[in-house]
Amino acid sequence: MSPMTQTRRWLLLLTVAGGLLLVTLDNSVLYTALPTLTEALGASASQSLWIINAYPLVMAGLLLGAGTLGDRIGHRRMFLIGQVLFGVASLAAAFSATAEQLIAARAFLAVGAAAMMPATLALIGLTFQDPRERNFAIAIWGSVALIGAALGPIIGGLLLQHFWWGAVFLINVPVVLLTLPATLWLAPNGVRDTTRPWDLPSSLLALVTLSGLVLAIKSLIATPVSAVTGSVAFAVAVAGGWAFVRRQGRLSYPLLDFGIFRNPTFLAGTLSAIVTLFALAGLQLLTTQRFQLVAGFTPLHAGLLVSVAALGALPSALLGGGFLHRVGFRPLISGGLACAAAGVALVAVGFQHGLPWVIAGMALTGVGTGAAISVASTAIIGNVPAYRVGMASSVEEVAYEFGGLFAVALLGSLGAALYGMSLPADPTIPEAARQGLVQALHLAQVEGAGSWLSTARHAYDASYHWGLWVIVGVLVAGAAVTGRLLRGDAGHPVAAMNPVH
């Protein structure tokens, strides 16, 4: 295949960025819409978490299989299939009548997203051959993910002010209608390796493992603790993970070649992706909920507040991609995670002292995560051979989705548990108010607010405060581990990019 012209390369980047924007928007658009959805559909606290979790959970479970399938049938074809599925699922989600229907539609959305996501990065890796041009293209790709994270809460807030909640899903349809013909025109067919079989059982085992892990976390941290469900779910996760690893070792063409993790730069990039998305998703989810429920922000205002982190990441993300060849991976990945930890700590210390503290902390968090995310993709894609680019893309997307999924599962369940634990044993507090602050506010609106409402708000603030410190701990650990992995030659991009064969 002859090289693509420069114009076609950058137009293709714009097209795949449109697909990526859809996927990332659907991850963050519900953070501001969740209270409205919960009330409109009569969803329970558990259903509300599954409305968010169903999307990243199913996507993460299918991503490994989707990337390897793209290596087999072509990433262009996978991208097209994903767009069609995503458009249809968006319509189903928009017109869901019950919480159960919306959860199912979100799972269907994830199937389309799983087909698209590895293809976006794989098409960039196959199209941009010049290393410095590819680094910059991947940095733009990462920046689009940040833009989606930033715009999601804002768009959700804007739409909820003027339309019904289903509009947050309908916005996907016109984007699909634009990117479909552009993909047909611009995307290269690439080289397909039809001799390599695709293993569906491995993909299903990955999905079972992740599902069991998330259910175990939710059950064991819930209030009250569901020990039996949590133990069974954890056992299923362990069994599924063991079966997945064992099956990969027996396959001639595994869904995941664990040998690629022996490259320290690849491993550092993967860990960076997990930690970065854990921090961003957790910070956005906790903060939008807190400022809507406690401070009385509208969905739009809460979305604008949390978008500061994602918008603050854009300059450092673009600069990171441009200066990687000069400074190396270690300052950008490890230093970026440490900077983000300082930003979240600033929010935790200062949120009760005024909004400027929160904005400053959000911006600092964004600078750090932007630096890390800008080169994580390069560290991953640049350290595998060409025939593993789909697999590597899938690993990165699984890392991102797992980070966000783990944040919602852990911090959402932990926040609910800490809220209940922070409430005093006061008989004047209604039992319904102990279920969550959403229920407390609804009860106060229906029956009138008592002194217990202020106590409930203080309890929610306590849970928010400790949730932020959990994020800080994860970021500090990520900075330390990636810093160790990227010592010496592994921290220099030219020396590090020796693909595993």
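## Close-up legends

**View 1. Arg-106 and the residues around it.** Leaving aside neighbours within four places in sequence, Arg-106 is in contact with Asp-26, Leu-30, Ile-51, Ile-52, Ala-54, Tyr-55 and Phe-169, where contact means heavy atoms within 4.5 Å. This is a predicted model, where local features need pLDDT of at least 70, side-chain atom pairs count only at pLDDT 80 or more, and totals for chains, interfaces and linings use all residues. Residues are numbered from 1 along each chain as its sequence is written, and side-chain values use heavy atoms, with hydrogens and water left out. Arg-106 sits in helix 4; helices (H or I, at least four residues) and strands (E, at least two) are DSSP runs, numbered from the N terminus. Is Arg-106 buried or exposed? Arg-106 counts as buried because its relative accessibility is 0%. The cut-offs here are under 20% relative accessible area for buried, over 50% for exposed, and partly exposed in between (1.4 Å probe, protein chains only).

**View 2. Leu-30 and the largest nonpolar core.** A nonpolar core is a set of buried Ala, Val, Leu, Ile, Met, Phe, Trp, Tyr and Cys residues joined through side-chain atoms within 4.5 Å. The largest one has 78 residues, and those touching the most other members are Leu-30, Leu-37, Tyr-55, Met-59, Leu-102, Ile-124 and Phe-169. Helix 4, spanning residues 99-127, gives the most to this core, with 14 residues. Zoom in on Leu-30 and, skipping neighbours within four places in sequence, you'll find contacts to Leu-37, Ile-51, Ile-52, Arg-106, Val-168 and Phe-169. There's also a second, separate core of 38 residues, and its members include Val-275, Val-344, Leu-405 and Leu-468.

**View 3. A nonpolar patch on the surface.** Which residues form this patch? Val-84, Val-88, Phe-108 and Val-111 do, with about 280 Å² of accessible area together. Accessible areas come from the Shrake-Rupley method with a 1.4 Å probe, and for residues only the protein chains shown count as cover. Patches are made of residues with over 30% relative accessible area and no salt bridge, joining like charges within 9 Å and nonpolar side chains (Val, Leu, Ile, Met, Phe, Trp, Tyr) within 5 Å. Helix 3 (75-94) and helix 4 each supply at least two of the patch residues. Val-88 belongs to helix 3 and is partly exposed, with a relative accessible area of 46%. Val-84 is in helix 3 too, and at 42% relative accessible area Val-84 is partly exposed. The C-alpha atoms of Val-84 and Leu-180 are 8.1 Å apart, although 96 residues separate the two along the chain.

View 4. How many salt bridges turn up? The count comes to 1 salt bridge, with the rule being a side-chain nitrogen of Lys or Arg within 4 Å of a carboxyl oxygen of Asp or Glu. Arg-290 pairs with Asp-461 in it, and the closest N and O atoms are 2.7 Å apart. The pair links distant parts of the chain, 171 residues apart: Arg-290 comes from helix 10 (residues 264-293), Asp-461 from helix 16 (residues 452-485). Arg-290 is buried, with a relative accessible area of 8%, and Asp-461 counts as buried at 8% relative accessibility. In general, side chains of opposite charge can pair when their charged atoms come close.

**View 5. Gln-248 and its polar partner.** Gln-248 is in helix 9 (residues 227-250) and counts as buried, at 5% relative accessibility. The Gln-248 side chain makes a polar contact with the side chain of Ser-202 at 2.8 Å. Polar contact here means a pair of N or O atoms within 3.5 Å; within protein, one must be able to donate a hydrogen and the other to accept it, and residues adjacent in sequence count only if both atoms are side-chain atoms. Not counting residues up to four places away in sequence, Gln-248 touches Ser-202, Pro-254, Leu-255, Leu-256 and Phe-258.

**View 6. Ile-380 in helix 13.** Helix 13 covers residues 355-381 and holds Ile-380, which is buried at 0% relative accessible area. Beyond its neighbours within four places in sequence, Ile-380 is in contact with Phe-266, Gly-269, Thr-270, Ala-392 and Glu-396. Val-395 lies 15 residues from Ile-380 along the chain, and their C-alpha atoms are separated by 8.5 Å.
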